[in-house]
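Thanks for coming. Please have a look at the sequence and the model before I start.

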Amino acid sequence: MKNQASARVALLLALSALPLALAAGCGDDDDGASVDTTTAGDADAAGDAADTTGGDTADTDATAPPSPISVRRTETEADLVTGPVPFGRLGRSYVLENGLVRFLVQDAGASAVYQLYGGSVVGADNARAPGLPGESVLRELFPVVDFRVHAPDTVTIVADGSDGERGILRLEGPLASSKIIAVLDAVAGTADLRVAVEYELGRGARDLIIRTIIENPTDEEVSVLAGDFMVASNLLQIFAYGPGFATGGTLGDTQWLAFRGDGVSYGYVYPATGVFSAPFVESSGTFAILDPALTIPAHETRSLERRLLVGDGSLSDVVDRLYPAVGTPARPVSGAVHDPGGAVVAAAWVTAIPINAAGNQGGAAVNQARTDPAGAFAMTLPPGEYDLIASGTERKPSEPARVTVAADGAVTDVALTLTPPASVTVAVTTDMPAPTSGGSAPVKVALRALDEDANDTRLGDFGRRGGWRVEFVGPGYDTLTIAPGHYRVVLSRGPELAPVTLDDVLLEDGGTITAHLARAVDTPGWLMCDFHQHTIGSLDSRTPFDVRVREDLAEGLECFATSEHDHVVDLGPEIRALGAGGILHNIVSDEVSVNGVGHFNAYPMPLDPEDPLALTGVQLFAGLTIQALFDKLHALPGDRVVQVNHPRGTNGKGFFVSIGFDPRLAVGELDALPTGFEALEVNGDLGDASQFTPEGWAGFRAQRRETVPVLADWFGLLNQGLPVCGVANSDCHDPGDGCGWPRTYLALGDDVAALTDDAIVAAVRAQHAVGSRGLAMTVDVDGEFRMGKADLVDGRAPTRLHVVVSAMPGASVTQVELYENGLLVDTASGVPPGDGGSAVWADVGFDVAPATDSWYVVVARGPGGLAPIFDGGVFAFANPVYVDAEGDGVFVAPGPVALP
């Protein structure tokens, strides 16, 4: 038998990196699974044994009203449990509903997220009136047993709910390797176990009972790890008793988990022991280890039962039910929130902070309620002393109200006061095109309170980066709700317009922010693009689709790729709805996130409106080598670019790290370097110019890990004759995360309305690109645009590279560098422009006369310090100019840099 202790350690190590490199997946939808949709009169033995649980104890007593329970295969769109990013597939899933809540379970062999074999929960929501949109943000929940996942081959509707008491869906089958997490698969057991997973929904219940039944038909006792993998959306805030709002990392043992949202909230609990272990919590995802070593004797069966609760969006709606589920006594606390004038405040948060023995607030929140339309709130709290604090969208938190909760009493009529927010209009004009929908021009508004800041993470407020609140106004959104007071305000729109800073402005209700952003840098013939962005289509982003579009407009971008993790999303409808179709182009992409290996963008990706989930999840890469993956991507309909993202990234995201890439020889020493990728994210990973000497290259070769600059990797590929386009992208996730910083300028003209996906693919493949953050760069050869391998320069006569580098206001250029075949060969200093309004910091010529065919790359650098517009230093790099020394029309790659 496998050593269980070492296996658990290996699993935890694998899972600790998992949230940073998750990849969605599904298996073959037509695997011949046997499906029994007949309704059994009674549950089987395991189901009968579960009858005493009663579902949610608060809602399933004898007085619970009857509810229309139904368990059925989805047949119409109305059967699906939907949300901002739905994952259910019509006809390939089952719905369980009772008039209060609804759950969606994937059919055997049909999965669109991480579980290859189906049978997982992919939707959980409250029941909603016909016509109202669903709000499920649960991506997936599925059991893990013996370091393997369930592969159901039989689906049975055990009870369809027609008795008015319960509905039960049962999926049975063997265990299988995940095929997406190599470390997990390496420690997986081999025992011939058979597993049944039951989902039960009772009358009046607002929780789903999940039951894993493990049968050991062998002649030997087996010990297995058993638990659940669960991931929701970054639209939720994870909350646990003890640490309160969890921002990530290791949680350890906990009694329960809760997830706060807007229209829906969730709870997860294992009542059998009242505790489980969560080795990581990140991106609203976790792995719940219910039993690290569940012993199953030969020819016996063991069952684990837990509950998934659905709430109204508040924490208290689930936490109030989680306390009794684990035997924690809790008593009611209620009150109301008003403004100073006595008006009720609806949708405010009321948070309970415990008081320690010294009489001070002693740590994290233990519960949080939301006020109803009448301003009333209610929650339950374990006996003790607490401060109740009211907070709300851009309202300064209230003064705390101290309450004492007795073991046999209740606290009522707690009064809290919240000051009203201010409504401020933004009316900005700019020297860039605006959407046709009117209102303020798209602009980034960064506000920093000069008075007391309203941000308090204990209350679940995580909306500021470095103390700045960032909003993106423009079409459909030009009125901000903020706490009144004095602010420093920075208005900007990308690198080509001069930002405006208001050092101290009093913002009160009814106020207006006005400004004009004038053009400071002009780049005719180039379009600004960002080919790596995320929205709520990715598990680790909380940016809604329309907010992402407004942000891109406000950051001055002209084209972008929606590169969701293992998900294909088209934001074209959002662009058109905002009247921005003529000034912003969206290319549909997919960041294929191969766990522990690397992340790869493919753009454009085909999107079938009849089956929008056809290319989602790990079905795209499970079991494939990276070469086979690239071949598969290129074999899809249409033409596309495959791009290696953050190749030196950490936590299993850096492909060049995972294959032990030698930048000098451009080979992988741990795994082969695949062919078929056309672009490489260089971004700002440029190293130091002094490293690009023969001695420095010897050091790169010795490193082959995260610290090697990607500029060296790119140079190594170019030296081998691979015409890979160097690009710069932001990899932005949350609002204000820096979309377009950095960005890629493509030589595509000036007409965004005429831009096509094919033109983008052609420009990237031609290496007609400049990567940039805060700088604009042009490189021409004797007055002509000659960039990329197809634009060979006849080098029989002396050649001059003319370089012009401009900087946005506030940025500067310290040095311009010329690289020949990977070695630094010349430099020039940046010179501040005069008072004539010029943005040019460098206008230099580099004369080159190579004896053999050579390529040249120009890099410009400058210091940072432009927050809140963007973080990090400024830079620009141009794609190579290829010089044909012999003038024979053929470029012979120079090969690796010679070592000293």
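I will go through some salt bridges, then a helix, then a charged patch.

This is a predicted model, where local features need pLDDT of at least 70, side-chain atom pairs count only at pLDDT 80 or more, and totals for chains, interfaces and linings use all residues. Residues are numbered from 1 along each chain as its sequence is written, and side-chain values use heavy atoms, with hydrogens and water left out.

Salt bridges to begin with. By that I mean a side-chain nitrogen of Lys or Arg within 4 Å of a carboxyl oxygen of Asp or Glu. How many does the structure hold? There are 39 salt bridges.

One of them pairs Glu-198 with Arg-170, with 2.6 Å between the closest N and O atoms. Glu-198 sits in strand 10 (residues 194-202) and Arg-170 in strand 9 (residues 166-176), so this pair ties together parts 28 residues apart in sequence. Strands here are DSSP runs of E with at least two residues, and helices are runs of H or I with at least four, numbered from the N terminus.

Glu-198 also meets Arg-211 in a salt bridge, at 2.5 Å from N to O. Arg-211 belongs to strand 11 (residues 207-216), so here the parts tied together are 13 residues apart in sequence. Are these side chains buried or exposed? Glu-198 is buried, with a relative accessible area of 0%, and Arg-211 is buried at 1%. Buried means under 20% relative accessible area, exposed over 50%, and partly exposed in between, with a 1.4 Å probe and protein chains only. Salt bridges that share partners join Arg-166, Arg-170, Glu-172, Glu-198, Glu-200, Arg-211 and Glu-305 into one network.

Next, helix 11, residues 757-765, where Ile-760, Val-761, Ala-763 and Val-764 are buried. Viewed down the axis of helix 11, its buried residues fall within an arc of 165°, so they line one face. That arc is taken over the directions from the helix axis to the C-beta atoms. After helix 11 comes Gln-767, with a positive phi near 60°.

Last, the surface. Glu-399, Asp-451, Glu-452 and Asp-504 gather there in a patch of negative charge. Patches are made of residues with over 30% relative accessible area and no salt bridge, with like charges joined within 9 Å. Asp-451 lies in the loop between strand 30 (443-449) and strand 31 (469-473), and counts as partly exposed at 33% relative accessibility.

Key:
Patch = residues over 30% accessible without salt bridge, like charges linked within 9 Å, V, L, I, M, F, W, Y side chains within 5 Å. Areas by Shrake-Rupley, 256 points an atom, 1.4 Å probe, with all protein chains shown as cover. Lys, Arg positive; Asp, Glu negative; His and termini not counted. Charge placed at Lys NZ, Arg CZ, Asp CG, Glu CD.
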